[in-house]
Amino acid sequence: MALAITEKVDLGHKIALSCLKTSDKIIKYGMPIGSATADVPAGGWVHMHNMQSDYIPAHLRDAAGDHS
């Protein structure tokens, strides 16, 4: 399968393999990890700016890893 990446994607982040619509489930390694909060084109970057985790609130995530 050929896929054109539509924007810069940092190491460890996700790429949409197909078009995602708002509220579609984000699947990683065969398991749902969140829901799209915006439409994402095939080849688009998927991360906390356009998805909501099914497991932890986004406001608890920060670059330093401080959850206090």
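Predicted model: local features only at pLDDT ≥ 70, side-chain atom pairs only at ≥ 80, totals over all residues.
1. Surface patch. Met 1, Leu 3, Ile 5, Ile 15 and Leu 17 together make a nonpolar patch on the surface.

2. Three strands form an open sheet in the order β2-β3-β5. The pairing is antiparallel. β2 (25-28) and β5 (51-53) are the edge strands, and each of them pairs on one side only. From one strand to the next, the twist averages 40°.

3. The β2 to β3 pairing. How many bridges join β2 to β3? There are four, and the two strands run antiparallel. On the residue level, Lys 25 stands opposite Ser 35 in β3.

4. Ser 35. Is Ser 35 buried or exposed? Its relative accessible area is 16%. That is under 20%, so Ser 35 is buried. The residue belongs to strand β3, which covers residues 31-36. With neighbours within four places in sequence left aside, Ser 35 is in contact with Ser 23, Asp 24, Lys 25, Ile 26, Asn 50, Met 51, Gln 52 and Asp 54. Among these contacts are Lys 25 and Ile 26, with β2 spanning 25-28. Met 51 and Gln 52 are also included, with β5 spanning 51-53.

5. Ser 23. Ser 23 is not a glycine, yet its phi is positive, at about 85°. Where is Ser 23 found? The residue is in the loop between β1 and β2. Ser 23 counts as exposed because its relative accessibility is 54%, and the exposed class begins over 50%. Ser 23 is also one of the contacts of Ser 35.

6. Tyr 29. Here is another backbone angle to check. Tyr 29 has a positive phi of about 55°, although it is not a glycine. Tyr 29 is placed in the loop between β2 and β3, the strands joined by four bridges. With a relative accessibility of 79%, Tyr 29 counts as exposed.

How values were computed. Residues numbered from 1 in each chain as written. Heavy atoms only, no water. Patch = residues over 30% accessible without salt bridge, like charges linked within 9 Å, V, L, I, M, F, W, Y side chains within 5 Å. Areas by Shrake-Rupley, 256 points an atom, 1.4 Å probe, with all protein chains shown as cover. Salt bridge = Lys/Arg side-chain N within 4 Å of Asp/Glu carboxyl O. Buried < 20%, exposed > 50% of the residue type's maximum accessible area, 1.4 Å probe, protein only. Contact = heavy atoms within 4.5 Å. Pairing = 2+ DSSP bridges. Axes fitted to C-alpha atoms, helices over the stretch in contact; angles between N-to-C directions.
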